[in-house]
Amino acid sequence: MTNTPICQACGAAIPANGALSGMCAPCMLRQGMQGPAVPAPAGAADPNTPPLADIRRDFPQLEILELVGRGGMGLVYRARQRRLGRDVALKILTPDLAHRPDFAERFLREAQAMAKLSHPNIVTVHDFGEREARYFLVMEYVDGTPLRKLMERGQLDGADALGLISQVCTGVQYAHDQGVVHRDIKPENILMDSSGGVRIVDFGLARLVGTEDAANPDWRLTRSSQVMGTPHYMAPEQMHAPRSVDQRADVYSLGVLLYEMLMGELPVGTFPMPSERHPWGDQIDEILRGALESDPARRIQSAGELGARLDALSTADSAQSAAGRPVWSGVEEIADRLPFNNSSDSWGGLAEIYGLVTIDEGELFLEYRTRDCLDLYSSAPKELRIPLTQVLDIEFKSGWFGGGELRLRGRTMSTFMDFPGFQPGSIRLYFKRDYVRSAKQFTGELQRLIGTRTG
Amino acid sequence: MYTADMTSPDNVHDASHAPLSRRGAGFATTRWSMVAAAGVPGSDSDRHEGALGALCESYWFPIYAFARRRGASAQDAQDLVQGFFTRLIEKGDVANADPERGRFRTFLLACFKHYSANERERDGAAKRGGGQHVFALDGIPAEERLANEGGGELDPERAFERAWAHTLLETVFVRLRAEYEDAGKAAVFVELKDSLAGDGGAHTHGERAQVLGTTEGAVKVAVHRLRQRYGELLRREISDTLATGEDVEDELRRLFESLAKKS
């Protein structure tokens, strides 16, 4: 055997050449397997966020009030136009995006198209440009709540959903008539203002910051990047034939949105139709099928048509029974039980712990097994019971892939002591995406029982 | 609050979620499930041929490793593998060997076994037909890669899995590096890439901060970002090779086990 360098951590051979030279493959995979990210150290300055002073200096005609949002596309500040005396939102696009050679030209084109849209259901773009290598948009400031929040809080019922989507359709149809396709319709991009009106945000922005040219070698990269839009709401053709995308892609997204609002979940896999769960009749089913059709040619062809069909329903009986019925019910979840799945850094980083945490008779009950990746056997189940009086608090934190973690803190340093991966007084339980809602409920339930106010 | 929720993690794409599919409509978001749903490659649409070709271009090396570990000489392995991919992409009849179309990894191996079993009975003459637009296999780099992996005594199936894991990591690593280079952060990547292989390392955050001319705090954040992005790309790449309904974490674990096991 030749003298290949060995990894200090795990003993595997490290290649001396090739793309991965100097990198230990098993260690890389193990690193990749780390579940939800170790949180960024508190207080560390984010090198990618410009200091507020810089923004104020670059935009003297605006009174920059505060950073209000941060997304894949950039940062949003609330500001005030001094001369006009009105509040605006200043959106500064991520500098990374601007590195593509044709960006400036596309920005101009898309921003002009956005600025032309003037409609009560669409957030207006007042101005746009580039300053100090930062591309920006100045938009109407809307004091409203994203649909996502309303859905999570369970504040919408069936009739609300129909009415809301119908309003959104009106706005979307108007934009389509002006030649602008949104491409990224999702509950985060729709706001409800204080008078119950619906405002759509970020029209056409997805096209600006993404690239749809499938022949472009960057395309595979962009598919992985956040700015391409949320896959759940994207029409099939947006994924595999992006150049053929037209306004019908927005119709699809509206369908997904409508489904989610009525059923409380996304139309994934084999999904049930509303009539199977609610006494609403088949008409909504038909409309949904029409909107969620994979083939654009067979889909409902316009947002206007979708809206009209929903309006027609609103006057029919199905809407009467839909009214007043909460839709975000989360049927099969049990608030006091949660499966979790941890990878442990003890035992050389090759073990995995999975189990169930339950609230049981005034105790927190953890039941778990470890699985050693080297030998693939599961150990006998272990148990840990902690009286609720010993639990100080519980915190829920979303993870990067839609899963998350629960952080449990005990009253003393030795609470939870026998649980693997324990740090003095606290443990973390990681869980997968499917259990997010359960985890939130679990957190709420435990907080209620230990008397903590929900945060 | 105006767009405050744009940052919520629910907004982040979940690379590990199962690809979407529709009852009877065969819509899929990952590359492999797209190809698998299309039926015989090349028959339905050119776009799927492109996708299959791209997948093969990424993952030919594990097949080569398998062929070599089974006893073929470097030259024979190269011919066989080249012939296989040509046939798979252009004609697609080899694909019928695996009607189940599970994940791409198992599909590819099953098809290759089938193909090479038939090839043994035939003379080499029919091996290559056309193959103009199939990517060329580089024999010498392939042999070097094989040597790099170590594990010379592994049985062929295990060699295949290990090579697959290595190829996956390489693909993701190169992609991640390209992202940083595109953003003008090549130096950051070079300096911090070791953090992708765990916490231990020759250099501390402080030392790296000095090299990069920045603060230790900034380095910590940068490391965190890098690892986060790496994890995302890794899962997305894996997910692209899985069929509808398969779990990324399972595949990740499985590949880890194939690397962790000593032969």
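Reply: Helix H5 (residues 158–177) and helix H9 (residues 248–263), both of chain A, pack at an angle of about 165 degrees, and H5(A) and H9(A) are therefore roughly antiparallel to each other. This is a predicted model, in which local features need pLDDT of at least 70 and side-chain atom pairs count only at pLDDT 80 or more, while totals for chains, interfaces and linings use all residues. Residues are numbered from 1 along each chain as its sequence is written, and chains are lettered from A, with ligands numbered from 1, in the order in which they are written.

Helices (H or I, at least four residues) and strands (E, at least two) are DSSP runs numbered from the N terminus. Two packed helices are described by the angle between their axes and the distance between the axes. The axes are lines fitted to C-alpha atoms, for helices over the stretch in contact, and the angles run from 0 to 180 degrees between N-to-C directions. Angles under 35 degrees count as roughly parallel, over 145 as roughly antiparallel, 65 to 115 as roughly perpendicular and the rest as oblique.

The axes of H5(A) and H9(A) are 10 Å apart, and H5(A) passes H9(A) in a right-handed crossing (right-handed if the near helix is turned clockwise from the far one by less than a right angle, left-handed if anticlockwise). On the side of H5(A), the contact is made by Gly158(A), Ala161(A), Ile165(A), Val168(A), Cys169(A) and Val172(A), and on the side of H9(A) by Asp250(A), Leu254(A), Leu257(A), Leu258(A), Met261(A) and Leu262(A); two residues are in contact if their C-beta atoms, placed from the backbone, lie within 7 Å. By class, this contact has 10 nonpolar, one polar and one charged residues, where Ala, Val, Leu, Ile, Met, Phe, Trp, Tyr, Cys and Pro count as nonpolar, Asp, Glu, Lys and Arg as charged, and the others, Gly among them, as polar.

In chain A, an open sheet of three strands has the order E6-E7-E8, with antiparallel pairing (strands pair if DSSP finds at least two bridges between them). Its edge strands, each pairing on one side only, are E6 (144–146) and E8 (198–200) of chain A, and the twist averages 35 degrees from one strand to the next. Strand E7 (residues 190–193) of chain A is joined to E8(A) by three bridges, and Met192(A) has Val198(A) of E8(A) as its bridge partner. H5(A) packs on this sheet, touching E7 and E8 of chain A, and its direction makes about 45 degrees with that of E8(A).

Elsewhere in chain A, strand E4 (residues 125–131) and strand E5 (residues 134–140) pair in the antiparallel sense over six bridges, with Phe136(A) in E5(A) as the bridge partner of Gly129(A). E4(A) and E5(A) form a hairpin with two residues between them, and Glu132(A) in the turn has a positive phi of about 50 degrees.

Chain A comes to 14 helices and 15 strands, and 41% of its 455 residues count as buried (buried if 20 or more other C-beta atoms lie within 10 Å of the residue's own, exposed if 12 or fewer, partly exposed in between, with C-beta atoms placed from the backbone). Gly18(A), in the segment before helix H1 (25–33) of chain A, has 16 C-beta neighbours inside 10 Å and so counts as partly exposed. Leaving aside its neighbours within four places in sequence, Gly18(A) is in contact with Arg145(B) and Asn148(B).

Chain B, for its part, has 10 helices and zero strands, and 44% of its 263 residues count as buried. Here helix H6 (residues 156–182) and helix H10 (residues 248–260) pack at about 115 degrees with their axes 9 Å apart, which means that H6(B) is roughly perpendicular to H10(B). H6(B) passes H10(B) in a left-handed crossing. Residues of H6(B), including Trp164(B) and Leu168(B), meet Leu255(B), Ser258(B) and Leu259(B) in H10(B), and the contact has five nonpolar, one polar and three charged residues.
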